[in-house]
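Colleague: Could you take me through one part of this model at close range, with the cut-offs spelled out? I would like to follow the contacts for myself.

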Amino acid sequence: MVSSKLPSAQITTMNNLYDLLENNTYSFPWNSLPDPNPCSWKGVVCRPPNNSSITHLSLSSISLYSSFFLPLFCEIDSLEVLDLSNNHMIEIPDGFIEVCGGISGLRVLNFGRNKLEGSLPNFSGFNVLEHLDLSHNMLSGNLDSQLDGLVRLKSLKLSYNQFNGYVPKSLGSSTLLEELELSINKFQGQIPQEIANCGNLTLIDLSANSLSGTIPQRLGELSKLSTLILSANLLTGEIPQSLSSINTLSRFAANQNAFTGLIPPGITRFLKNIDLSYNKLNGSIPLDFLTASNLQYVDLSNNELDGAIPENMSQSLIRLRLGSNSFNGRIPSLYLGNLQNLTYLELDGNKLTGPIPPQLGLCKKLALLNLANNLLTDVLPRELGNLNNVQVMKLQMNSLSGEIPIEITNLTRLQLLNISSNSLRGSIPPSISNLQNLDNLDLQRNHLSGPLPSTIGSLNSLLELQLANNQLEGVIISLPKYLQISLNLSNNLFNGSIPRSVSSLTGLEVLDLSNNRFSGEIPDFLTTMTGLTQLVLANNSLSGMIPKFQNFVTVDTSGNKDLINSTTSNTSPGFQRRKRTVAIGVVVGALVGVLALGIVVTIALILPRQFSRVNGEHKQMGQAESPLPEVIVAATRVNDEHMQMGQRESPLPEVNVTAGIVLAIALIFSRRFSRVNDEQLQMGQGESPLPEVIEGVSSTANAIHRHDPKTEVE
């Protein structure tokens, strides 16, 4: 058990604090049955050796929302460190500022990572304060005199707030200041030269503000400065040569500004990390720039630099980013084999020429290789297959030729491989299936030929496959099962039907099979791909009905002359020709049928009379009656009935019977074509092109039907 000689007043204060916190926090830091000695409580540190007073009190990360009890801390007059960081307090009570400033030993005050609002409280009364952290809050307004009098201040952290106005010149009076962090605010104006008066500064972070003007030359006087971060501002002018004289400077970041001019020689002499990317620097890289023995991280990307990349490089280099400039000449190869620690090499977006040096294969720790968008030529070196740790390889938009080296398929950690927009020939090696971690494969715009290897279907991590604009051919046997972003096989020579393996790609967003030789119908399973937003099937040999897709899917089926759209009018010449052929065939068949029926009926009406005369003669001669067929007997019976009723024989001439038949058949076909036209109209198609011969038959039949039979007989 820890013995304690705490003053009774401090014990009383801690007990009161216990009661208040128990009801005002969701993460109570102390036991429900506390030890009577507060020095044993979590976050409480007492002065050794006898625990005679409380010196440190940490209530960090206990979900404090209220701050009304903060003045209670001021009753602990021996307090040196108060940590209230990572809570949810929105204000610091005035009572705390007024009373706690009188604590003679309070050195550290941490309100970082809360939700404090409003302007910065006046801490000028805290004249022994050494560390003040108000970072990661929502404080705003100007910095004026709130920090005046903090002559012992060593660390000031106000980052991640919304302060505006100028960086106060009065900070220059804090001669003991070692760390100044004002990043991610809204400060404007120039960097005050008075900061150079703070000769003990080791860290200056003014990044992500709206500071303008130039870097003060006097910053070169800060002989203890280790880190200078000025990124993401509006700074202009040249990089001051004076910074190269700070032998303690290990990190200098001035990226995302508008610096111009040349890179000063010797600037990297003592540096480990330099970032001057996204500026307007011009000229060539100084010959000594990459040679510093301690240099590890270099980023000069997105400037206007030109000339050759220096051959001599530090063996300590871990990351080298020189992309998006105008560097020319060859990739330096003399010392590449010595860069055993190189992890990132980015030379993209330049004007580099010549082959990819085989010596790159000696950089065994390389995880990212980006040589895209240059003027590189020759074949891909097989030595690239030795980069066993590489995860990203970007070689697109060059003039590389030859075949894809089979050695590249040994890079089992590879996640992204892009060799698009080159002049590669040959086939895709079946051993591509070795790349089981690959999630993006882009080989489009080359001269690759042959079939798509079936082994590509085993790439279970692949999310995007780009093979457009090659000369790949044949039937697609297998595809990766978990593609989600895009499958682009357009502008090749693939044939056969759309592969069934596409049906498993339910999460695929873009499918482009255009400009190939695919045939057959568009399969219905494409409509069940719930992630699909764009489907391009243009310029193939597809036929049949186009399935109905969801409204959010953009579908392009143009250039397939035998496709029938189920929702819009199909005006393709092939479809119209088929409709006309069918219509003419039906009409010709109908006319032949009408003619045959007319002949049969005419004979049927003439024969009864003829047979009647024959039978009369037979009776006179004592012969038996002629065996009339049933249909003729029926016709004779009708005439006999007419005669018994005192009427003449049925005066139905043969032509009138034939016309009736014609009328009936014409009406039948008229109704049939009417139904066809109705169905086509419901499907959004035009009416069937009824030939004039049908219309003629129909009109003739109607005219006969309207003619008076009596007039006809007379």
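Modeller: Happy to! Asn-398 lies in the loop that runs between strand 28 (392-394) and strand 29 (401-402); strands are DSSP runs of E with at least two residues, helices are runs of H or I with at least four, and both are numbered from the N terminus. This is a predicted model, so local features need pLDDT of at least 70 and side-chain atom pairs count only at pLDDT 80 or more, while totals for chains, interfaces and linings use all residues. Residues are numbered from 1 along each chain as its sequence is written, and side-chain values use heavy atoms, with hydrogens and water left out.

With a relative accessible area of 7%, Asn-398 is buried (under 20% is buried, over 50% exposed, and in between partly exposed, using a 1.4 Å probe and protein chains only). What does its side chain reach at 3.1 Å? The backbone oxygen of Leu-395, a polar contact in the sense of N or O atoms within 3.5 Å, where one must be able to donate a hydrogen and the other to accept it, and residues adjacent in sequence count only if both atoms are side-chain atoms.

Now set aside the neighbours within four places in sequence.

Terms used
Contact = heavy atoms within 4.5 Å.
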